[in-house]
Amino acid sequence: MIACYADGPDVDLDRVTALLKDMKPEVVICEECKSNYYKGTSEMMYLCAECSSVLIGYPRCEHSMSDGRCRKCGWDGSRSKLTAHLMQRHEMSDDDLKDELSDLKQKMEALERYQEVIALATTLVTSPLDIVALRCEWRMDEYAKTDDGLIDLQVLLNREVVVKFEVPNHKDEEVEHAEPALLEDYLDRGSSSMSRQIEQIVST
């Protein structure tokens with residue numbers, strides 16, 4: 001409890017305001033599921049801890065739900081269409097998983113800048129190149145057909161490493177990739193959905 005009096009001679013109101021602000025976590029909105037969450041509780045700047053785990057594979061928050069919200073990270077249980085699908089993937093049939101992988105392959109190969117992705121991918125692994133799409137989604141659907149549009153493309157290369165590419169619509173912006181992750185590391189930190197997808201790939 002912080003007690004202060006507005007007319008006290010020794011009260012530093014700026015310090016008191018700062019202390020009070022520090023006691024209450026800053027709330028921001030996840031770009032994927034639209035839930036409020038506490039800033040600083042996620043590895044990703046624009047995603048809550050739950051979406052960071054489901055989409056990217058970062059460590060999951062061990063949620064402690066109270067009154068519809070996690071007391072640790074602030075997530076309210078919301079899921080986007082994509083994350084809901086990913087969480088259900090481990091219950092899909094093998095045929096459904098094969099269809100999903102086929103659809104992802106078509107989406108990836110239909111990208112206008114697909115050849116740029118291939119060119120970058122060949123610098124990351126030894127030839128011949130084997131590339132399998134794990135995810136191919138617009139960062140924000142509302143910008144999909146504009147110069148601000150950006151595709152998040154995650155691929156498995158030569159069944160050895162997983163790499164995330166950012167593929168912008170604007171031709172003046174370069175296609176970029178994150179640091180490749182060894183497949184075993186990707187699986188160690190990933191969700192059951194991610195593991196199930198990889199199991200289907202390596203079994204074919």
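Modeller: Buried means under 20% relative accessible area, exposed means over 50%, and partly exposed means anything in between. Please keep in mind throughout that the structure above is a predicted model.

Biologist: With those words in hand, is histidine 63 buried, partly exposed or exposed, and where does histidine 63 lie?

Modeller: Histidine 63 has a relative accessible area of 27%, so it counts as partly exposed, and it sits in the loop between helix H2 (49–56) and strand S3 (65–66). Setting aside neighbours within four places in sequence, histidine 63 is in contact with Glu50, Cys70, Cys73 and Trp75. With one of these residues, glutamate 50, the side chain of histidine 63 makes a polar contact, side chain to side chain, at 2.7 Å.

Biologist: What does serine 42 make contact with, and is serine 42 buried or exposed?

Modeller: Serine 42 has a relative accessible area of 17% and is therefore buried; its place is the loop between strand S2 (36–38) and H2. Beyond its neighbours within four places in sequence, serine 42 is in contact with Tyr37, Leu47, Cys48, Ala49 and Ser52. Its side chain also reaches backbone atoms: the backbone nitrogen of methionine 44 is at 3.1 Å, and the backbone oxygen of leucine 47 lies 2.7 Å from a polar atom of the serine 42 side chain.

Biologist: How many disulfides does the structure hold, and how should I read the cysteines?

Modeller: A pair of cysteine sulfur atoms must lie within 2.5 Å to count as a disulfide, and the structure holds zero of them. The sulfur of cysteine 51 has its closest cysteine sulfur in cysteine 48, at 3.7 Å, which is too far for a bond. Cysteine 70 is likewise in no disulfide, since the nearest cysteine sulfur, in cysteine 73, is 3.7 Å away. Both residues can be read for burial too: cysteine 51 is buried at 2% relative accessibility, and cysteine 70 is buried at 0%.

Biologist: Which residues of helix H4 are buried, and how are they arranged around the helix?

Modeller: The general idea is that an α-helix has 3.6 residues a turn, so residues three or four places apart point the same way. In H4, the buried residues are Leu97, Glu100, Leu101, Leu104 and Met108. Seen down the axis of H4, these buried residues fall within an arc of 95 degrees, so they line one face of the helix. On the other side of H4, Asp95 and Gln106 are exposed. The buried residues pack against helix H3 (81–88), helix H5 (114–121), strand S5 (131–138), strand S6 (150–157) and helix H7 (192–202).

Biologist: What span should helix H4 have, and how far apart are its end C-alpha atoms?

Modeller: At 1.5 Å a residue, the 16 residues of H4 (94–109) should span 22 Å, and the end C-alpha atoms are 23 Å apart, which agrees.

Biologist: Which strands does S7 pair with, and in what sense do they run?

Modeller: S6 and S7 form a hairpin with three residues between them, and asparagine 158 in the turn has a positive phi of about 50 degrees. S7 also runs antiparallel to strand S9 (181–182), with two bridges, and valine 161 stands opposite leucine 182 there. With strand S8 (176–177), S7 pairs in the antiparallel sense over two bridges, where glutamate 166 stands opposite glutamate 176. Seven of the eight residues of S7 (161–168) are buried, so this strand is largely enclosed by the rest of the structure.

Methods: Residues numbered from 1 in each chain as written. Predicted model: local features only at pLDDT ≥ 70, side-chain atom pairs only at ≥ 80, totals over all residues. Heavy atoms only, no water. Helix = DSSP H or I, 4+ residues; strand = E, 2+ residues; numbered from the N terminus. Expected span 1.5 Å × (residues − 1). Buried < 20%, exposed > 50% of the residue type's maximum accessible area, 1.4 Å probe, protein only. Arc of directions from axis to C-beta. Contact = heavy atoms within 4.5 Å. Polar contact = N/O pair within 3.5 Å; in protein donor to acceptor, adjacent residues only side chain to side chain. Pairing = 2+ DSSP bridges.
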